[in-house]
Amino acid sequence: MAEQEASGLQVLLHTLQSSSDKKSILTILKVLGDLLSVGTDRRIHYMISKGGSEALLQTLVDTARTASPDYDILLPLFRLLAKVGLRDKKIGRKALELEALDVTLILARKNLSHGQNLLHCLWALRVFASSVSMGAMLGINGAMELLFKVITPYTQKRTQTIRAATEVLAVLLKSKSNGRRAVNRGYVTSLLWLHQDWHSRDTANTYVQIRRGLLLCLKHISALRSGREAFLAAQGMEILFSTTQNCLDDKSMEPVISVVLQILRQCYPKSPLPLVTASSAYAFPVPGHIATEPPCDLPEGKIKDLEDDGDDEVDKDSDTEDGKVEDDDLETDVNKLTSKPGLDRPEEELMQYEAMCLELSYSFEELESKPGGDLNSEKTQYANHHHILTAASSKQHCYNKDQSSCGQEREDSVRSSLLCMVKTQRSTVHLGSKRKPGVNPYQNVQSNSLGRDSSGSEIPDIQASLKADAWDIDAIFCPRMSASFSNSTRTGEAVEVIDKLLQTHLKCVPFHDPYLYMAKARRTSSVVDFKMVAFPDVWGHCPPSTTQPMLERKCGVQRIRIFEDIRRLIQPSDVINKVVFSLDEPWPLQDNASNCLQFFSKFESGNLRKAIQVREFEYDLLVNVDVNSTQHQQWFYFKVSGMQAAVPYHFNIINCEKPNSQFNYGMQPTLYSVKEALLGRPTWIRTGYEICYYKNHYRQSTTAAGGASGKCYYTLTFAVTFPHNEDVCYLAYHYPYTYTALMTHLDILEKSVNLKEVYFRQDVLCQTLGGNPCPLVTITAMPESNSDEHLEQFRHRPYQVITARVHPGESNASWVMKGTLEFLVSSDPVARLLRENFIFKIIPMLNPDGVINGNHRCSLSGEDLNRQWLSPSAHLQPTIYHAKGLLYHLSSIGRSPVVFCDFHGHSQKKNVFLYGCSIKETLWQAACTVGTSTILEDVNYRTLPKILDKLAPAFTMSSCSFLVEKSRASTARVVVWREMGVSRSYTMESSYCGCNQGPYQGLQFGTRELEEMGAMFCLGLLILELKSASCSHQLLARAATLLSAEEEALDQHLQRKYIKRVIKVLKMRTSWKGTLFFSCPWTSEIQVLQALNSETYTLSLPGLSSLWSWTENYTISFFSSQAFGLFLSPVTGFPGSLPCRQPVMRHLSLQNHGSQFP
Ligand SMILES: [Zn+2]
């Protein structure tokens, strides 16, 4: 604003205050009004800064205090004040100081019967009351009584004034003292009556804003405990519920309904969960721990404990996904970031791990004894898996006694190796046909193939099989039961029936064997000694032929479910409330004849604790908390039977714990139907609709929370339409993968490998607390012979260490691991190269006990094992203790892994991504620059995620983070990085849901996509090696040949630039034997770069004009091959989040070792 104008404004304001001439005051008010009616808010702010508010208030007071106030002046003044006051945060205080607050209230009182004058006073009062303390002041001065006189009784005269009065009242009631005053004067009842009057008479919804204003008054009052009590006593729940039922779909009523929901949720009486105890239904005596009696929930008389005064959560379909790192959790202690702690145990102890690294000492004498002999001719029963099933290859791999039928498929699969599936190949995605929510995903197949298997031949009536009296379809008896059921013929018969079913119906599932599974299950030990195994685990799972899209969320789903919850409270007459399953009560609870579903969960990874039938087709479910714990409810897995087909059943899991879930963003739970399996479709599919996840009215009582304020619970609700009548189905949070499945899988893998080529060894890392062996797998290539040279090469292969499933609820991590393992032993040429160049040490399940007993987060000691890496105990956390020991051992013999990666599942984000560790990025993020310039840090930790970003369809660099958080100090990733000095130490997170980028955008993960990720991770390790300076000539040459060969087979239309670039550079690097040295006597900033790039580069330069460097951050290009000059410019920021530096031009010396340089 120009200076001239500014001084003009000041003159105007000054004249306004000092003038007593009506005509000039009116002129000034008009000028000010015109001035503010155009332009932006900046004008108003400017006027406020020049004392505009004070000038207006002073004029108001002066005018109002005359014997007969002049409303010709007052009305435009009020209008200006209402406008300016909206932008002036201090308007209330200014009004109080200048006594304009009192004056306005007096004027309002005088004008109760004069609509226009009153309305203007109310506008001013609304802005004066915008601060809570001014609102309280107005309340003391009787403003609420005044407003109540304006709004009662109901009338449709003066609606503008009534609207303004309700709005002022709502603002006043934000003050707690006003709220209490309102309760004491019985305003809650009056407001409810008014609400009803308006509701019944404003049938055209003309006065929605008045109705919303009244409800906002109620909402603010019910933020107080006494307000809620008054509201409930006045039948508020019933009144608001019934008045809104007939207008839920009316868009114009939206402002009213959203406030009604907020009030109803706020006032819904809080109650404890319907459980006898907050602790787990399963207890495990941890050795050396004194069992403490867990605090009990007291179901009655504790409601007051559960109330909190500040629950003002806004009801809104939340659409922000969280997952941000809190900056104050960043580790900013440079010392902690850079120092390396000493051993956490006596050094002698590390000796024991030599036994787990037999590959370093084994002499392979048998190789000599049978030169060229076929060692494995009898052992290749399973050896026909060329590579894993991936999304790109829909071929079914079979393992069967009848191998001949698989022959052709094997031939086909040889042609498509992993390289054909890199990210850019979109055509590989099998997109499921978009189906409408609520439509049964099985329906298509059901209608045309019921009673037939996939090949079309008649199969015996499934119904008859299911009804077979000898076989209890409830679950398959585990053979271990034979002993305890020896006096019963039932088990014997059951096994026989299973046998028969397997012979008749079994569809071959790759890398699965039901008989072996049952045998393995016998050795799996669980806390309560499970007697059953779940059908899907025995029978196996084949990924569906199509990838399922994310569920589109219907508008208002959450609202409908919340109203349903409220309906239960106020219309309890049709609520059944019958417990139909409970781990806490004597079995059986239900007679099978009754018309309700039957539930069961006493099997491996199962964790349903209680099921309550609410209505005929609606059930409340509670999942068991982790053993020896009172929390971590998220994972679920249970069996349900006795259903009718084509009827929507609603399931509400009411004791979820996380504040948000991917169930609000397109994720569906998984379902396995036994009948479908017997029809030849043994498949876990995503299912369910009307899915939402929201905070409910259950609270942990303060007693159970140990005096702390009780935490909230969340409901996951979904509807399922089952594919068959009288089926047996299993529902789970995510595709289950049990410990027994792993043990079965490892045995099959071991049998599948070509012993001439693959060195595959299973060791036991340790026994778990629960008495289960924790497997450690070693995979590498067999040495070519037992000559010294070959043994030398074999023993000097660098290590790669991969772990998974430390969190038992993250079954997605196991599917990724399955993909990794199957790929690594496969005959894929990439896998062969990897085996020949690395030794893989893999711990596929760090927490077997947690997986077995249906935990989500913890081990049997009730601890999160991924928070125990700093100082694990051999007794309490044996798997972590020994995993760390093994890594210590490798480090102590100078063989720390190239990469350490721990596979996890992520419940809040989509895609797959890595977490790594960087000192510099952490300090930069925390804006802590002290000493950063002196810290040398290799940025090689970014290379692998960047490679995966380009290769793996599910992977995204954009979610990766390399920040070191204090709260993560005791995780595998941070400890392996700090204590073992592994710079590429990662956590790999896979979404439970699916992808929102790349070729899989909009799709939910199936097991195939997860397994593919596991294989892609391996390919990433190979490319990482090819990019490293230490990569051998031999590997480069072989990789170049392999990649070139693949390139020819590729579809030219597919943009596979990345692989092409790799091939191009590989060719360069292998055909010329010169050596390029980087020498960078540069500034300190560049020294980091120098440390990175000072390795010797072997290059090929056949008449090139350009080549790429092997560091991701910089492009090196020859601008003149004669000049030996290099142009070095950053192509991305360094690293990531920092602004891009200026390009630097430097000469590098090139030493040509005698080769022909073009
Ligand atoms: Zn995890």
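I call a residue buried when its relative accessible area is under 20%, exposed when over 50%, and partly exposed in between, with a 1.4 Å probe and protein chains only. The model is predicted, so I noted that local features need pLDDT of at least 70 and side-chain atom pairs pLDDT 80 or more, while totals for chains, interfaces and linings use all residues. Residues are numbered from 1 along each chain as its sequence is written, and side-chain values use heavy atoms, without hydrogens or water.

H807 lies in the loop between β16 (799-804) and α32 (811-824), whereas H904 belongs to strand β18 (residues 900-906), 97 residues apart. Both H807 and H904 are buried.

Sheet. Strands here are DSSP runs of E, at least two residues, and helices are runs of H or I, at least four, numbered from the N terminus; two strands pair if DSSP finds at least two bridges between them. I traced an open sheet of five strands in the order β4-β7-β13-β9-β10, with antiparallel pairing. Because β4 (598-600) and β10 (685-686) each have a single partner strand, one side of each is left without a neighbour in the sheet. Between β7 (residues 637-641) and β13 (residues 728-732) I noted five bridges, with Y637 opposite A732 in β13.
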